[in-house]
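Hi,

Here is the structure I promised to pass on. Have a look first, and my notes follow below.

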Amino acid sequence: MPEVKLYMKYDELLERAYKTLPKKPVVVKQRLTLPKPEVVVSGKRTFITNFNQICDILSRKPQIVLRYILKELGAPGVLHENMAVIQGEFSKKTIEAILDRFFKMYVVCPACKSPDTRLVKEKKFMFLICGACGAKSPVKPF
Ligand SMILES: [Zn+2]
């Protein structure tokens with residue numbers, strides 16, 4: 001039956017088309033999971049006890065990450081040893097949400113999703129420069 005043959009041919013063509021499709025680019029997917037903050041509230045202050053560790057993993061200076069958190073919370077705070085000490089009582093959930101936002105906006109490249117990026121400030125502007133794809137993405141300065 002010619003019709004059947006036609007379908008077979010079509011299948012073959014389809015198969016060939018799939019085979020000639022470029023293979024997925026070999027990108028070493030850097031899986032970076034945001035570490036959970038260890039949050040302790042004591043004496044009307046909030047301590048993120050593993051703060052430096054989080055910043056290390058994100059490859060961001062603790063001062064920068066703290067500045068963002070404080071701006072989001074609208075609260076003062078300081079770095080003390082490996083911790084961030086924030087005035088006021090904030091839940092782990094709140095801190096986690098802010099860190100998550102920071103991670104998505106200021107660490108992950110919007111073009112290729114790589115976390116291999118640098119945050120640079122140029123005058124009033126801030127850019128996320130990707131080490132993987134080279135994209136320079138403007139981000140909201142803080
Ligand atoms: Zn990129």
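In what sense do β6 and β7 pair, and over how many bridges? The two strands pair in the antiparallel sense, over four bridges. Before going further, please keep in mind that this is a predicted model: local features need pLDDT of at least 70, side-chain atom pairs count only at pLDDT 80 or more, and totals for chains, interfaces and linings use all residues. Residues are numbered from 1 along each chain as its sequence is written.

On terms, strands are DSSP runs (E, at least two residues), numbered from the N terminus, and two strands pair if DSSP finds at least two bridges between them.

Let me start with β5 (residues 117-122), which runs antiparallel to β6 and is joined to β6 by six bridges. The hairpin of β5 and β6 has two residues between the strands, and K123 in the turn has a positive phi of about 50°.

The hairpin of β6 and β7 has five residues between its strands, with G134 at a positive phi near 85°. Here I129 has K136 in β7 as its bridge partner.

C133 sits in the loop between β6 (125-130) and β7 (136-139). C133 counts as partly exposed because 13 other C-beta atoms lie within 10 Å; buried would take 20 or more and exposed 12 or fewer, with C-beta atoms placed from the backbone. Beyond its neighbours within four places in sequence, C133 is in contact with C109, A111, C112 and S114, where contact means C-beta atoms, placed from the backbone, within 7 Å. K113 is 20 residues from C133 in sequence, and their C-alpha atoms are 9.4 Å apart.

Best wishes

Notes. Two residues are in contact if their C-beta atoms, placed from the backbone, lie within 7 Å.
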